[in-house]
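The sequence and structure come first.

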Amino acid sequence: MSALFQQHGALVALVVLTAIASLSFDSFATGGNFENMAVSSAFLAVVALGMTFVIITGGIDLSVGSVFVLGGVLAAWGSQYGTLVALLLPLVVCGLIGLVNGLLIAKAGLAPFIVTLASMLGARGIMLNVTDEGAKTYLVDKGAFFAKLGQGKLLGIGAPVWITVVLFVVGAVVLRRTRFGQHVYAVGGNEDAAALMGAPVARTKITVYVLSGLLAGLAGTLNAAWLASGVTILGFGMELDAIAAVVIGGTLLSGGLGFVSGSLVGVLLLKVIQNVINQIGSLDSAYQQVVSGAFLVVVIVAQTWLGKRRQML
Amino acid sequence: MADVALRKAMPADRSELLRWLRDYGVYGGVVALLLFNIAFTEHFVSSENFRTQAIQVAPILIVALGMALAIGSEGVDLSVGSVMALSTSLLSLYMGYGIWVALFVVIIGGAAVGLVNGSLIAFIGVQPIVATLALMVGARGLALVLLPQLKDVHDPAMASLGSGDFAGIPYVVYIAAGLAVAVGFTVRRTTFGRQLLAIGDSRPAAKLAGLPVRRVLITVYVLSGILAAIAGFLATARLSASDPTALGDLMELSAITAVVVGGTPLSGGRVRIGGTVAGAVLIQLLTATLIKHDLPPSWTQIAQAVVIVLAVYVARERGKR
């Protein structure tokens with residue numbers, strides 16, 4: 001029962017909340033609103049995908065919000081030199097930040113939260129440096145091929161949504177069906193045991209932080225293509241939403257257990273809650289933070305309790 | 001035998017050096033930055049500049065004192081910046097009843113956030129990073145709900161608290177120094193302090209020894225919340241305005257840096273208050289140095305990121321996870 005709740009609780013909550021919202025607000029269950037929610041969920045979902053891998057290894061990545069913003073700014077700046085630069089520049093830089101995180105955590109043995117807290121600061125500093133202390137916004141030419149990655153549509157569904165779906169399918173297969181995926185679970189379950197069984201602990205850890213950096217950078221890149229500009233103020237605090245989504249989706253913060261589909265459901269649940277708060281209208285956007293924080297507390301408490309009960313059984 | 005003896009003898013020099021760096025490096029850093037500024041920075045040696053630096057370092061130091069307690073218990077408190085924001089909002093709302101009422105409400109607000117943090121950690125067993133992360137979002141949101149935008153604070157008592165001085169030394173310096181002495185005394189000389197360090201050293205052992213683990217942990221986070229609230233109060237007095245969006249932003253990072261640079265290990269069990277004071281001064285001096293040499297604020301963030309990683313690298317304890 002508790003395992004069932006842990007795995008599908010978020011899905012049940014999503015279905016119930018969507019049903020209630022559809023009945024309560026005329027403007028909720030419309031194609032336009034769903035499409036809007038899907039596209040705006042896509043960017044957080046891509047970040048949460050990387051975070052899922054990191055959290056399953058028992059780590060955490062607090063730098064993703066800053067890396068997301070940095071990726072977007074670099075992509076927008078790079079788009080004047082063509083699509084290839086717009087895509088590669090943020091991926092290289094953000095991948096490198098992930099590599100530095102991974103090396104400091106896996107090789108130097110530093111605590112993940114402190115390393116990624118530092119790189120959150122560092123990435124924000126680089127971003128401010130690139131944008132003239134945040135004053136300069138780089139625009140993407142709306143006619144460029146790069147912009148289509150964000151604004152294009154296929155079968156009426158936005159390109160970012162398609163890209164996200166593909167990434168999640170690949171992510172699920174990698175986690176469930178490959179040796180690397182097994183190592184990710186093993187490292188998170190019990191690092192010493194994993195090392196004894198011959199799993200490459202350091203390499204696995206480094207890889208998940210590189211993945212997380214790459215995906216956060218890619219999400220920022222897609223976001224820049226969608227908005228046609230590298231926005232410097234979005235994304236801060238995104239690490240919290242990503243962690244919340246992953247945890248709500250049933251991945252244990254203590255590592256060793258989790259799945260990417262849960263994180264997708266977690267992202268959708270957060271977006272529906274946000275949308276409902278917007279629909280109520282009279283509620284300030286500041287309430288979103290209060291509700292997110294309270295919701296996160298409830299989920300973490302529930303998860304910790306369920307986890308404890310399972311340990312006892 | 002020989003192998004053991006060799007392993008003991010070989011890295012001794014290096015680990016001795018690292019330990020010395022961890023414990024006293026921060027003082028060397030402060031002295032080096034001071035010398036650099038005295039030699040190369042215009043208008044550095046002036047009483048006006050001393051006042052400015054001292055007033056700016058006080059809130060960082062006060063928050064760092066609470067953070068030192070949390071880290072000493074093998075935890076961390078990421079909500080401190082948001083508690084400062086909550087404190088500035090509450091202050092604006094209750095200033096009409098006088099400064100003492102406002103201060104009282106602010107302290108209650110900080111204690112309440114700390115109580116939630118501590119309860120989640122002590123009773124439910126949530127990891128400190130995660131519990132305080134949730135409150136970091138929640139408390140900032142609450143601050144913005146209470147006070148949606150920047151508001152000026154007009155109060156003579158607040159103005160004098162923010163920038164006034166006694167015998168040439170700003171009031172806030174006396175307050176910060178008094179709190180540092182009080183926290184240092186609490187850690188060194190009280191039962192609570194010893195229990196806190198024992199819990200930070202090994203929570204299971206402390207539990208087996210019959211220490212009141214839950215009560216101590218909750219007290220730690222309540223104290224951290226109260227100290228952050230006081231820091232928010234003083235920062236508001238200095239700015240003569242309540243800005244719940246910006247106040248305390250990234251303060252958790254500065255506080256953690258001050259504590260860790262000051263020689264308190266993240267693995268808990270030790271608290272160095274003198275080092276924490278020096279760590280806060282180091283951060284303030286680093287920021288001031290970069291600004292006075294016309295480097296943009298973004299460089300401050302990059303420099304601070306490098307300092308924090310270096311400090312944690314030097315202070316890391318092998319073998320303890």
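## The interface between chains A and B

Chain B and chain A bury about 3400 Å² between them, and carbon and sulfur atoms give 77% of that area. Three residues lead on the chain B side: B:Ile124, B:Val137 and B:Gln301 supply 16% of the area that chain B buries against chain A, more than any other three residues. The model is predicted. The size of an interface is often given in just this way, as the accessible area lost when the parts come together.

By residue count, the contact takes 40 residues from chain B and 36 residues from chain A.

Polar links across the interface can be listed briefly. The rule finds 2 residue pairs in polar contact between chain B and chain A, both at pLDDT 80 or more. On the chain B side, the elements that give two or more residues to the contact are α5 (99–124), α6 (128–146), α12 (251–261) and α14 (297–315). Of the elements of chain B, α6(B) gives the most to the side that touches chain A, with 12 residues. By class, that side of chain B has 28 nonpolar, 7 polar and 5 charged residues.

## The salt bridge

How many salt bridges does the rule find across the interface of chain B and chain A? The rule finds 1 there. A search of the whole structure finds 3 salt bridges over all chains.

B:Asp249 sits in the loop between β4 (241–242) and α12 of chain B, while A:Arg124 belongs to helix α5 of chain A. Side chains of opposite charge can pair when their charged atoms come close.

A:Leu104 is found in helix α4 (residues 83–106) of chain A. Which residues does A:Leu104 touch, leaving aside its neighbours within four places in sequence? The contacts are A:Gly109, A:Leu110, A:Val115 and B:Val309. One of these, B:Val309, is on chain B. A:Leu104 and A:Thr116 are 12 residues apart in sequence, and their C-alpha atoms are 9.5 Å apart in space.

## The second largest pocket

The second largest pocket has a volume of about 1400 Å³. It is lined by 41 residues, and the closest to its centre are A:Phe236, A:Gly237, A:Met238, A:Asp241 and A:Gln289.

Both chains contribute to this lining. From chain A, α2 (31–56), α5 (112–130), α10 (201–227), α11 (238–248), α12 (260–280) and α13 (285–312) each supply at least two residues. The largest share, 7 residues, comes from α13(A). By class, the lining of this pocket has 21 nonpolar, 13 polar and 7 charged residues.

## The cavities

The structure holds 3 cavities of 30 Å³ or more. Two of them are set out here.

| Cavity | Volume | Lining by class |
|---|---|---|
| Largest cavity | about 60 Å³ | 5 nonpolar, 2 polar, 1 charged |
| Second largest cavity | about 50 Å³ | 6 nonpolar, 5 polar, no charged |

The largest cavity is lined by A:Leu240, A:Asp241, A:Ala244, A:Leu270, A:Ser292, A:Gly293, A:Leu296 and B:Val137. Helices α11 and α13 of chain A each supply at least two residues of that lining.

Helix α3(A) gives the most, with 4 residues.

Key
Residues numbered from 1 in each chain as written. Chains lettered and ligands numbered in written order. Predicted model: local features only at pLDDT ≥ 70, side-chain atom pairs only at ≥ 80, totals over all residues. Heavy atoms only, no water. Contact = heavy atoms within 4.5 Å. Buried area = accessible area lost by both parts, 1.4 Å probe. Salt bridge = Lys/Arg side-chain N within 4 Å of Asp/Glu carboxyl O. Polar contact = N/O pair within 3.5 Å; in protein donor to acceptor, adjacent residues only side chain to side chain. Nonpolar A, V, L, I, M, F, W, Y, C, P; charged D, E, K, R; others polar. 1 Å grid on protein atoms, 1.4 Å probe; cavity = no way out; pocket = protein on both sides within 12 Å on 5 of 7 lines; lining within 4 Å. Points joined across faces, edges and corners; volume = space filled by probe spheres on them.
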